[in-house]
Amino acid sequence: SAAKQSKRMLIPEVKKAMSWKEAIAFAKELDVLLIPYELAKGMKETREILAAIEPGQSVGIFIGPEGGFEEEVQAAMEAGAKPVTLGKRILRTETAGMTMLSILMFTLEKEDE
């Protein structure tokens, strides 16, 4: 009913929780991987990464645990993830995912022609 209300053509698929190794293996099958990371380059680089996403591509997002990622960032980047910034603030796990989805929705929304 939420998809109908928001006029969404496709309902995003949310996977069950998986181990880190399972998530990395699954992510390699996706078109675009993003990892919000406090040490990512600036907003310009993040905007360029998001602007390069093509309609219809599958997008995976790694959201870190409380306290943040450590060696996981390197493993995600080796799997193809691009680090992006969410701005100057470090967000809590429960808000970082929603923030990333909101940014993607706004960025990827196409004007009606």
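E48 and K44 both sit in helix α3 (residues 43-51), four residues apart, or about one turn of the helix. Helices (H or I, at least four residues) and strands (E, at least two) are DSSP runs, numbered from the N terminus. The model is predicted: local features need pLDDT of at least 70, side-chain atom pairs count only at pLDDT 80 or more, and totals for chains, interfaces and linings use all residues. Residues are numbered from 1 along each chain as its sequence is written, and side-chain values use heavy atoms, without hydrogens and water.

**Salt bridges**

Side chains of opposite charge can pair when their charged atoms come close. A salt bridge here is a side-chain nitrogen of Lys or Arg within 4 Å of a carboxyl oxygen of Asp or Glu. The count comes to two.

| Pair | Closest N and O atoms |
|---|---|
| E48 and K44 | 3.4 Å |
| R92 and E94 | 2.7 Å |

E48 is partly exposed at 45%. K44 is exposed at 58%. R92 and E94 are both exposed.

**Nonpolar cores**

A nonpolar core is a set of buried Ala, Val, Leu, Ile, Met, Phe, Trp, Tyr and Cys residues joined through side-chain atoms within 4.5 Å. The largest has 13 residues; I24, I35, F62 and A76 are among those with the most contacts inside it. α2 (20-27), β1 (32-36) and α4 (71-78) each supply at least two of its residues. The largest share, three residues, comes from α2. Apart from this core lies another, of seven residues, including V32 and L104.

Terms used:
Buried < 20%, exposed > 50% of the residue type's maximum accessible area, 1.4 Å probe, protein only.
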